[in-house]
Amino acid sequence: MGLGKFAKDVVKEGKRVRWPKRDVLIPSIIVVVIISALTGIILMGEDALGKSLIDVLKQTFNR
């Protein structure tokens with residue numbers, strides 16, 4: 001399979017896809033962005049908590 005045939009097949013397949021309408025797409029994008037932001041905030045908090053725990057353990061065992 002050559003690169004040209006692959007590209008042609010990709011375009012052909014893309015034309016067969018049923019793309020969502022704008023009134024469905026925009027709310028979905030907003031939900032994904034909100035969930036991603038919340039997940040990022042939660043992971044940032046867990047990272048900070050883990051760092052502080054490691055710092056406490058370092059201080060405890062360095063004495």
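Residues are numbered from 1 along each chain in the order in which its sequence is written, and side-chain values rest on heavy atoms, with hydrogens and water left out. Since the model is predicted, local features require pLDDT of at least 70 and side-chain atom pairs count only at pLDDT 80 or more, whereas totals for chains, interfaces and linings use all residues.

The secondary structure of the protein consists of two helices and zero strands, where helices (H or I, at least four residues) and strands (E, at least two) are DSSP runs numbered from the N terminus. Helix α1 covers residues 3-16, and helix α2 covers residues 22-61. The radius of gyration of the protein is 24 Å, while a compact globule of 63 residues would have a value near 11 Å; this radius is taken over C-alpha atoms, and the globule rule is 2.2 Å times the number of residues to the power 0.38. Along the principal axes, the C-alpha atoms fill a box of roughly 70 × 35 × 10 Å. Two residues illustrate the separation within the model: Leu38 and Asp9 are 29 residues apart in sequence, and their C-alpha atoms lie 38 Å apart in space.

Of the 63 residues in the protein, 0% are buried, a class that requires under 20% relative accessible area, with exposed meaning over 50% and partly exposed in between (1.4 Å probe, protein chains only). The protein exposes about 6200 Å², of which carbon and sulfur atoms supply 70%; accessible areas come from the Shrake-Rupley method with a 1.4 Å probe, and for residues only the protein chains shown count as cover.

The protein carries 11 positive and 6 negative side chains, and the centres of the two sets lie 10 Å apart. In this count Lys and Arg are positive and Asp and Glu negative, without His and the chain ends, and each charge is placed at NZ of Lys, CZ of Arg, CG of Asp or CD of Glu.

Three salt bridges are present in the structure, each defined as a side-chain nitrogen of Lys or Arg within 4 Å of a carboxyl oxygen of Asp or Glu. In the bridge between Lys5 and Asp9, the closest N and O atoms are 3.1 Å apart; because these residues are four residues apart in helix α1, about one helical turn separates Lys5 from Asp9. Lys5 is partly exposed at 48% relative accessibility, and Asp9 is partly exposed at 28%. Arg16 pairs with Glu13 at 2.6 Å between the closest N and O atoms, and these two residues, being three residues apart in helix α1, are likewise separated by about one helical turn. Arg16 is exposed, at 60%, whereas Glu13 is partly exposed, at 42%. In helix α2, Lys51 and Asp55 are four residues apart, and therefore about one helical turn separates them; their closest N and O atoms are 2.9 Å apart.

A nonpolar patch on the surface is formed by Leu25, Ile26, Ile29, Ile30, Val33, Ile34, Leu38, Ile41 and Met44, which together have about 840 Å² of accessible area. Patches are made of residues with over 30% relative accessible area and no salt bridge, like charges being joined within 9 Å and nonpolar side chains (Val, Leu, Ile, Met, Phe, Trp, Tyr) within 5 Å. Among its members, Ile26 is partly exposed, with a relative accessible area of 39%, and Leu38, placed in helix α2, is partly exposed at 48%.
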